Amino acid sequence: MANNYNECIIGIGSNIYPEKHIESTLAILHREVLVESVSTLVKTAPVGITCQNDFLNGAVKIQTPLSRKAFKNYLKQLENRLGRDRSLPKFGPRVIDLDIIVWNNEIVDNDYYTRDFVKNSVDELLSTSKCNLT
């Protein structure tokens, strides 16, 4: 890891033109942060509100000089730039959803434990490194 950089794995998902929006998100991330790797994308059924399109989900491993709070804010701004409608229900359809799952080898989002697709995507990215999660 580069000096003064934080390593982070973010979950990425969409169910509104998901291929287009995830591709756009990854292109922006490649321009704006140091992307190390991207997991396989998987189709998943919606949680909560089930009468909507399936999601496309995966994870992205990055490095950032930003603090965790600043990076979370950056991700929310990125969602907004891509057209995320925050008036929709929490588990409703979304253009893009970006969540910090792992921060400096520490799991910081319980979805890792409760959603297999999150765990599998994160574990895929960690399998190429020698990290132990705490």
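Guide: Start with the side chains of β4. Phe55, Asn57, Ala59, Lys61 and Gln63 point one way. Leu56, Gly58, Val60, Ile62 and Thr64 point the other way, and all of these residues are buried. Buried means under 20% relative accessible area, exposed over 50%, and partly exposed in between, with a 1.4 Å probe and protein chains only. In a regular strand, side chains alternate between the two faces of the sheet.

A word on the source: this is a predicted model, where local features need pLDDT of at least 70, side-chain atom pairs count only at pLDDT 80 or more, and totals for chains, interfaces and linings use all residues. Residues are numbered from 1 along each chain as its sequence is written, and side-chain values use heavy atoms, with hydrogens and water left out.

Strands (E, at least two residues) and helices (H or I, at least four) are DSSP runs, numbered from the N terminus.

Now the partners. Two strands pair if DSSP finds at least two bridges between them. Strand β1, residues 6-14, runs antiparallel to β4, with 9 bridges joining them. There, Cys8 stands opposite Ile62. Strand β2, residues 34-38, also pairs with β4 in the antiparallel sense, over 4 bridges. Here Leu34 faces Gln63. Strand β3, residues 42-44, is joined to β4 by 3 bridges, again antiparallel. Val42 has Asn57 of β4 as its bridge partner.
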